[in-house]
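Subject: Structure handover

Hello,

Here is the structure for you to look over. My notes on what turned up follow below it.

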Amino acid sequence: MSDSKAPTPTPAGDTYKGWVFKWTNYIKGYQRRWFVLSNGLLSYYRTQAEMGHTCRGTINLATATITVDDACNFVISNGGAQTYHLKASCEVERQRWITALELAKAKAAHLQQESDDSGDDFPPSSHPALPGQGGGSQNSEVQSALRTLGSKVEDLSTCNDLISKHGSALQRSLSELDSLRLTGEAGDKIRQVTERATLFRITSNAMINACRDFLALAQAHSKKWQKALQAEREQRVRLEETLETLAKQHNHLERAFRGAAQANATADNKSSAGPGPGKGEASDEDDDNEFFDAMEEAPEFITVPADPHFHKSSSTASGFNSEMCGDDQSLNEEPLTMSQEPSQELVPLKKRRTRIPDKPNYSLNLWSIMKNCIGKELSKIPMPVNFNEPISMLQRLSEDLEYYELLDKAAKCHSSLEQMCYVAAFSVSSYSTTVHRTGKPFNPLLGETYELDRRREYGYRSLCEQVSHHPPAAAHHAISDRGWTLRQEITVASKFRGKYLSIMPLGTIHAIFEKGQSHYTWKKVTTTVHNIIVGKLWIDQSGEIDVVNHTTGDRCHLKFAPYSYFSRDVARKVTGVVMDKDGKAHYVLSGTWDEKMELSRVMQSSRGGENGAEGKQKTVYQTLKAREIWRRNPLPEGAETMYYFTSLALTLNEMEDGVAPTDSRRRPDQRLMEDGRWDEANAEKQRLEEKQRSARREREREAVSQRTASQSDEGEPIDEDLLNDSSLKYAPHDNYNALWFDRCNDPINGEPVHIYKGGYWESKERGSWEGCPDIF
């Protein structure tokens, strides 16, 4: 074991070999073995001759730990399964082995990380050969050079760490010797060694700093060079694909030209027989269709879950319909962006506000309020303004018009299918304002109204009125000078479930376009507010929407995917398919309700193959490249301190002249909350609610009086207990009638709704509001 003439370990490229003493057992103790370090693996043999046929053991350094026992001993272990107790012949030899092992371990760990990472910048299969002579060999040389440089940079980084580590250890040891306070020659020698070590440390620190700067610079330039190389390769691939496409189109045009020439020659030969419809004309039409098909962009494939109810005619593969080119020509001629055309009439004539007072930070004992609310309907719970945002539900309903441009573009469409795409995108856009809006809007008082007049700015104006209080229902009517009308009546049903709050809007939204008299209807999806008691509030939208064109029979089925922790899909995902009355798919819509929506024109569809999670068969749509049809407007600066209001929402409660006395802008508790005076707002809110309850009781007494009077006129006996019947307060006998809306049955679906009867804007022009109730 004390062989002092053992050969010194020598490196051979990336391989390190040498004799080391290995602990075997308590009988034999340490025995000399031949160790070979190569490719991150440490193997040993009894003799050098065994290297060709018998390996006594191997340990992978990528997962191993290396520890030093004393001047000559060190231990290598991979966690318990394998442990090597080794001993070098001297301290210098041990340090050489430790340095080689540390380098090999760092390199092995780096290679293992690269192999596990599937997102490498340069996967081998994606590197085409460089153009020119010897493209394949040149590419291999570049890859080899990159790998070698990367390896050397890693080695340099590891050496840098080792120098820093061992230098610190040496300095500590010398400091300990200096603290012994030896006298005489030994003390002088120690001080001399300490001074030299200090000089060495200063020099080493300078070298380490230089190495660190070099490493940072090399890594930065390496990434830049790799990105540049990748960009060049991608550009070359795109050029090759473009050339291939042009060659195919050129060949196709030559065939089409020859076919047309032959057809014309045949038609000339048969001209004496009359110009009736023949094969030549049909061939020309087919060639035209093929020509436009060849000029389309390369199709992509997407898969959308199919509903058998809406895909009655998609069971077999359907080819590209030539009529689709004519119907949807405008979709390909210009990109579907939300950019607004410059027009003099669209310039706002009034400067709107861009800020409101910041939301104050008031503390509130949430549990003391929530524990008494479980199982109750939200509209019947007395909530402090701490949970609100300073706008009413009528104003939130008016926010649906934030992306009115979609309806403006839909009104200009010549194709009903194209128009359906815009209407479907509009139905999704109304949810983009809710992603951060966790505050509850004020419940409108019965008879409360809200007008949003943007006619001189954007060509539309809208009116909302609270037409019922229990259940709460709001009627909304908007009309635009650009050929569309939007109306809806929304009744909100909500339940508090302890951990989350479910809000189910009931009612139908109607969009009517003057051009073509197209009439669209759809409903809203369920809104869920999570983490009501504990955690950060967040909102999700889930459910399905059917947008139906009752004039043409076209339909768009939209699906709002609920959030799932285990889903690999993008959050807040929305998908949809636009179909004609026969169930044939023409467009696919995809995106998120909080960011953007894109559409893709369907070239071909087929049913079959993989089944969905619910056993439904999937339909595969072959589509063109997706085009953006809607994108959310960015929030204004500082929105997080202003209830996350959008630019439109910031202007909704801005006071305006000439509005009705029942307008939400005049509501005092809402105005006090916006100004940050929440205690006063809570007191005012209770006063308004009590005033509303008193008005309701008065209407109930009037209804009972009218009933008793009618019984008296008809000679029937009057029930003396009628006035004291407590059940009457729950009966829908309230004789309240909305001021600006009439109750009737909807002509489309037969539902009882309130439809605008007119007169509001005329009253505003006259400044006459005699019929408005005193609700504030």
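In these notes, Ala, Val, Leu, Ile, Met, Phe, Trp, Tyr, Cys and Pro count as nonpolar, Asp, Glu, Lys and Arg count as charged, and the others, Gly among them, count as polar. By that scheme, the lining of the second largest cavity splits into 6 nonpolar, 3 polar and 3 charged residues. Please keep in mind that this is a predicted model.

**Cavities**

The whole structure was searched, and 7 cavities of 30 Å³ or more came up.

**Aromatic pairs**

There are 21 aromatic pairs in the structure. Take Y16 and W97. Y16 sits in strand β2 (residues 15-25) and W97 in helix α1 (residues 91-116), so the pair links distant parts of the chain, 81 residues apart. Are these two residues buried or exposed? Y16 is buried, at 10% relative accessible area. W97 is buried too, at 2%.

F426 belongs to helix α10 and W522 to strand β18 (residues 519-522), so the pair ties together parts that lie 96 residues apart in sequence. Both F426 and W522 are buried.

There is also an aromatic cluster. Its members are Y404, Y458, Y460 and W484.

**Charges over rings**

Two cases to look at. The charged end of R32 sits over the ring of W19, 4.1 Å from the ring centre. The charged end of K524 sits over the ring of Y431, 5.4 Å from the ring centre.

**Helix α9**

Why call helix α9 (residues 404-412) largely enclosed by the rest of the structure? Because 7 of its 9 residues are buried. They are Y404, E405, L406, L407, D408, A410 and A411. Y404 is the residue that also belongs to the aromatic cluster.

**Cysteines**

How many disulfides does a search of the whole structure find? It finds 0. C90 is in no disulfide, and the nearest cysteine sulfur, on C72, is 6.6 Å away. The cut-off used for a disulfide is 2.5 Å between the sulfur atoms. C90 counts as partly exposed, at 33% relative accessibility. C413 is in no disulfide either. For C413, the nearest cysteine sulfur is that of C421, 8.4 Å away. C413 counts as buried, at 8% relative accessibility.

**Backbone points**

Which two residues does a cis peptide bond join? They are H470 and P471, with omega about 0°. P471 falls in the loop between β13 (460-469) and β14 (472-480).

- Q517 has a positive phi, near 55°. It lies in the loop between β17 (509-513) and β18. Q517 counts as exposed, at 55% relative accessibility.
- Y643 has a positive phi of about 65°. It is found in the loop between β26 (627-631) and α12 (647-652). Y643 is buried, with a relative accessible area of 7%.

Best wishes

Technical notes: Residues are numbered from 1 along each chain as its sequence is written. This is a predicted model: local features need pLDDT of at least 70, side-chain atom pairs count only at pLDDT 80 or more; totals for chains, interfaces and linings use all residues. Side-chain values use heavy atoms; hydrogens and water are left out. Buried means under 20% relative accessible area, exposed over 50%, partly exposed in between (1.4 Å probe, protein chains only). Helices (H or I, at least four residues) and strands (E, at least two) are DSSP runs, numbered from the N terminus. On a 1 Å grid over the protein atoms alone, a cavity is a set of points where a 1.4 Å probe fits but cannot get out, and a pocket is an open set with protein on both sides within 12 Å along at least five of seven lines; lining residues have an atom within 4 Å of a point. Grid points are joined across faces, edges and corners, and a volume is the space filled by probe spheres set on the points. Rings of Phe, Tyr and Trp (its six-membered ring) pair if their centres lie within 6.5 Å; planes under 30 degrees apart count as stacked, over 60 as edge-to-face and the rest as tilted. A charge sits over a ring if NZ of Lys or CZ of Arg is within 6 Å of the ring centre and within 35 degrees of the ring normal.
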